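Me: I would like to go through this structure and ask what stands behind the labels that are used for it. Please set each value against its definition.

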Amino acid sequence: MSSPGRTLGLSAAGAVAGLLLAGYALFTAKGTEADAIAPEDVALVNQRVILQSDFVTQTQIETGAPFPLTSAAERRKVLDEMIDEELLVQRGLEIDLAASDPDVRTALVAGVNLQVDAEILAAPPDESALQQYFADHRDRYAIDGSMDLRDLVLPASARPAAEAAVEAIRAGTSPDEAASRWGLADSGKIGRGDNYDFGVKAKLGESLYTRAATLADGQVADPVEVADQIHVLFMVKRKPIVRLDFAQARDTVWQDFQREARMRVEQANLDYLKSRAEIRVAPRLQP
Amino acid sequence: MTGFAAWRAGRGRLVSVIAGMLLAVGVGGAAAGFALDQMRLRNALLGRFADELPADPALHADARRLAEPAYSAHCAACHGAAREGDPARGVPELRRGVWLYDFGRVSDLERTILYGIRSGHGKARNTTDMPALGLTGALTPEEIRDAASYVMSLSRPGGDPAAIARGARLYQGKGQCFDCHGADAAGNIDWGSPGFTGGHWLYGGDPQTVYASIHDGRHGRCPAWIGVLDPLAIRALAVYLHDVTAESAPG
């Protein structure tokens, strides 16, 4: 036997009983707090675990003895110190130490980047990717050359004298003697003795460097006109660039490859953080 | 429907219900058994300090049962299916018990598995790197050959005495090898610097490889497995690897 009234009454009574039970549980239970310590942990400090492995390592470091040889008192002392540290770290977070302490900020930035980079740092090198990277950046992997170069100059109008000097040098006249006879002077742009290639390139410019780099010991280049001067380049001693093969450069290639990969993921992480952040810049600094 | 037919149909339904209940009980029992076994293993393997476990041989079979699939899935790609290592990549074999870091105790192995070597984890083993003494120009090719002759001579008789003597001076002087590898060339297990007196070579002990190690440097890596593998699997791996290798004596 049933009636709609009784059905509704029973449903309402069930709902009220459920609400009462839920309310009681809500206001009396400890919520999600866990009292049990997982077997891989040695302590819980405000729900933050202290791992057994970290505790063992720390105990061995502090006592200088293998863990099984440490005493209960030593272990307890170390654990107390680790708990103290955890409490202070938690307090640091509570008072937002990162907002005011530059050291904490630096450590946090480094730590976040390290986390982002971890996968890259841990990934074993992919040989084909490394070889491709090496092929794409071939010029980087070389021991820089150097040159002991004379850069003798005349005004642009004195091309015949420069050509005569070059001929004389090729015939065996010393550069100093030729310079003295045809009035050439050291440009003063590069020092005497060995100069690294990059230094010569920076000081003489690309075109003169390119010409000089083709000269062997004792060779002189045809006169080169740059701006309002004629240059006579004489190579006293050349140590050419030594290009490393992949096997020789592999480790450096790996470091470069990894560094670029890290820069990419760190930038991607920043892009992501910016995409979800609300950043407002003062009007005077807006582009 | 006759009475007999109704009885048959009713019996069929009853059999189905009982079969279903038995199946549910069976599946539930198996699941509960598995969960209880996992709980037992977790408490047995993780409920004690790592270095107390070797004294309990009963646990080793359990550890091995848990560890072997984890090893195959996560470690074998580098260390080899038979734990033979890969000298070409400087991946150590896991058969004997020649340890770069610490002594090969369960706790030592567990720490390496948890945090890795140069893995990027803040607690990884990454104190030092073998510098590229040739690439950076710290030593000339001739000096590197001499240094290689010296370190090889420490575990292998023979070689050019003059080169070995020059190498010894470089080891203790200009090359600063002693700083990490020890004045006695016994290595440093805190830093993961190998010794040269035992004849064990991570990358191979032939002259070309030793030359390459000094010239190009070395930076071996192992990933951190914390957060990837369950703590139970990590502990089981540590126990298993401890079983199949040997500790070196502390001190």
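Me: Where in chain A is Asn46(A) placed?

Reply: Asn46(A) is in the loop between β1 (41–45) and β2 (48–51) of chain A, where helices (H or I, at least four residues) and strands (E, at least two) are DSSP runs numbered from the N terminus. This is a predicted model, in which local features need pLDDT of at least 70 and side-chain atom pairs count only at pLDDT 80 or more, while totals for chains, interfaces and linings use all residues. Residues are numbered from 1 along each chain as its sequence is written, chains are lettered from A and ligands numbered from 1 in the order in which they are written, and side-chain values use heavy atoms, with hydrogens and water left out.

Me: Why is Asn46(A) called exposed?

Reply: Buried means under 20% relative accessible area, exposed over 50%, and partly exposed in between, with a 1.4 Å probe and protein chains only. Asn46(A) has a relative accessible area of 55%, and therefore counts as exposed. Its phi is near 50 degrees, a positive value in a residue other than glycine.

Me: What makes Ala185(B) buried?

Reply: Ala185(B) has 1% relative accessibility and so counts as buried. Ala185(B) is found in the loop between α6 (178–181) and α7 (207–216) of chain B, and phi of Ala185(B) is near 60 degrees, again a positive value in a residue other than glycine.

Me: How do you know that Ala165(A) is buried, and which residues does Ala165(A) contact?

Reply: The relative accessible area of Ala165(A) is 0%, so this residue is buried. Ala165(A) is in helix α6 (residues 159–170) of chain A. Leaving aside neighbours within four places in sequence, Ala165(A) is in contact (heavy atoms within 4.5 Å) with Ala178(A), Trp182(A) and Leu184(A).

Me: Why is Asp146(B) called buried, and with which side chain does Asp146(B) make a polar contact?

Reply: With a relative accessible area of 10%, Asp146(B) is buried; this residue lies in helix α4 (residues 141–153) of chain B. The side chain of Asp146(B) makes a polar contact with the side chain of Arg166(B) at 2.8 Å. A polar contact is a pair of N or O atoms within 3.5 Å; within protein, one must be able to donate a hydrogen and the other to accept it, and residues adjacent in sequence count only if both atoms are side-chain atoms. Not counting residues up to four places away in sequence, Asp146(B) touches Ala163(B), Arg166(B), Gly167(B) and Leu170(B).

Me: What is the angle between α5(A) and α10(A), and why does it get its label?

Reply: Helix α5 (residues 127–136) and helix α10 (residues 246–276) of chain A pack at an angle of about 95 degrees, with their axes 9 Å apart. That makes α5(A) roughly perpendicular to α10(A), because angles under 35 degrees count as roughly parallel, over 145 as roughly antiparallel, 65 to 115 as roughly perpendicular and the rest as oblique. The axes are lines fitted to C-alpha atoms, for helices over the stretch in contact, and angles run from 0 to 180 degrees between N-to-C directions.

Me: How many helices and strands are there in chain B, and what share of chain B is buried?

Reply: Chain B has 8 helices and 0 strands, and buried residues make up 41% of its 251 residues.
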